[in-house]
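Please examine the sequence and the structure before reading on.

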Amino acid sequence: MTESPGGSANVPSRDRRRFPGISSRSYEHPADRSALVALRKLSGFDTVFKTLSGLLPERSLRLLFLSDSVRVGEQQFAHLNDMLRDACYILDLEKVPPMYVNQDPQPNAMCIGLDEPIIVVTTGLVELLDEEEMRAVIGHEVGHALSGHAVYRTILLFLTNLAMKVAWIPLGNVAIMAIVTALREWFRKSELSADRAGLLVGQDLQASMRGLMKLAGGNHLHEMNVDAFLKQADEYEAGGDLRDSVLKILNLLPRSHPFTTVRAAELKKWAASRDYQRIMDGHYPRRDEDKDTSVSDSFRDSAAHYADSVRNSKDPLMGLVRDIAGGAGDLGGKLRDTVFRGGTRSDGQGGGNGGDGSGGGDRPEGS
């Protein structure tokens with residue numbers, strides 16, 4: 001039996017390793033970590049955002065969830081309350097964030113707030129996931145809270161709404177949308193970080209995989225297969241030509257979350273890494289060392305990650321970038337061959353397939 005924050009007894013369904021004093025740097029994606037380290041080092045950063053809090057709808061959101069959602073506790077959604085307290089115990093988060101269940105058929109979860117984070121999960125998510133899958137999602141949201149992501153998520157929501165309100169002004173939302181686009185790119189990386197936190201809490205990779213599959217395909221696990229699902233991620237990255245590479249970017253830009261198959265592949269790769277094994281063995285950065293973290297080292301790690309991503313990517317556009325960086329001689333021919341992969345005609349000219357490159361529309365995003 002373990003003792004959860006607040007002193008009440010909490011008995012998880014099985015024993016899980018706990019990580020006393022763990023720093024969020026242990027599980028953060030390099031791009032996410034470098035941005036957070038830099039922001040934490042800025043003098044007066046917290047004061048600026050405290051001032052901004054008067055402009056942001058945080059108080060309104062808190063009142064809205066309090067008045068029109070169900071607050072998780074010992075008397076309401078007690079099983080979710082146990083999971084929340086257990087997640088905070090495992091990641092050593094001293095103060096348990098309030099959590100609400102909101103009536104919404106769309107499976108989703110979020111962690112928002114400037115002063116204190118709050119976690120919200122929808123009824124669609126609660127009904128979709130089993131206990132172990134839900135434990136990973138709650139761990140995911142507690143990971144957001146531990147990393148301080150809730151602050152920036154709240155700002156992202158505010159700026160997105162603001163951009164919509166000033167869209168009628170000529171060029172009025174251009175600067176705001178530039179910031180929103182940059183924030184979305186960072187937040188997509190923060191979602192990969194939170195997925196890792198969810199795995200540290202649940203300590204069940206298969207449950208994490210199942211949860212991601214359900215977000216993509218619904219409650220039809222008997223019709224789905226983890227290996228086939230992961231193969232989709234590989235096919236997505238490697239398939240197509242330069243036109244498809246551009247469409248991937250356009251499809252991704254409006255999203256705050258990475259695509260689900262990509263999240264699953266990234267999490268599986270991290271679970272097989274030495275970094276994950278070291279954490280599970282009890283070797284990880286401590287929170288009391290965060291103040292000594294080097295910004296330049298964090299940026300070097302982030303730059304190395306992106307360089308490694310380009311080097312190992314199977315995407316045609318990244319392949320072209322490698323060739324250009326490596327001083328490929330026949331860039332014109334390389335570009336033609338990469339764009340049109342349909343072989344050559346008898347007259348020696350490129351015979352790429354025609355067809356338009358229409359992309360899919362926006363899809364609702366899960367947790």
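A residue counts as buried when its relative accessible area is under 20%. The model discussed here is predicted. In this model, Phe19 has a relative accessible area of 0% and is therefore buried. Tyr284, at 10% relative accessibility, also counts as buried.

**Aromatic rings**

A pair of aromatic rings is described by the distance of the centres and the angle of the planes. Four aromatic pairs are found when the whole structure is searched. One of them joins Phe19 and Tyr284: the ring centres are 5.9 Å apart and the planes stand at 85°, so this pair is edge-to-face. Phe19 belongs to the loop between β2 (9–10) and α1 (30–41), while Tyr284 belongs to the loop between α13 (274–280) and α14 (295–312); the pair therefore ties together parts that are 265 residues apart in sequence.

**Charges over rings**

**Two helices in contact**

How do the axes of α10 and α12 cross? The axes of helix α10 (residues 226–238) and helix α12 (residues 260–271) cross at roughly 105° and come within 8 Å. This angle makes α10 roughly perpendicular to α12. Residues in the contact include Phe229, Leu230 and Tyr236 of α10, and Val262, Ala265 and Lys268 of α12. By class, the contact of α10 with α12 comprises seven nonpolar, three polar and one charged residues.

Key. Residues numbered from 1 in each chain as written. Predicted model: local features only at pLDDT ≥ 70, side-chain atom pairs only at ≥ 80, totals over all residues. Heavy atoms only, no water. Phe/Tyr/Trp six-rings, centres within 6.5 Å; stacked < 30°, edge-to-face > 60°. Helix = DSSP H or I, 4+ residues; strand = E, 2+ residues; numbered from the N terminus. Buried < 20%, exposed > 50% of the residue type's maximum accessible area, 1.4 Å probe, protein only. Axes fitted to C-alpha atoms, helices over the stretch in contact; angles between N-to-C directions. Parallel < 35°, antiparallel > 145°, perpendicular 65-115°, else oblique. Contact = heavy atoms within 4.5 Å. Nonpolar A, V, L, I, M, F, W, Y, C, P; charged D, E, K, R; others polar.
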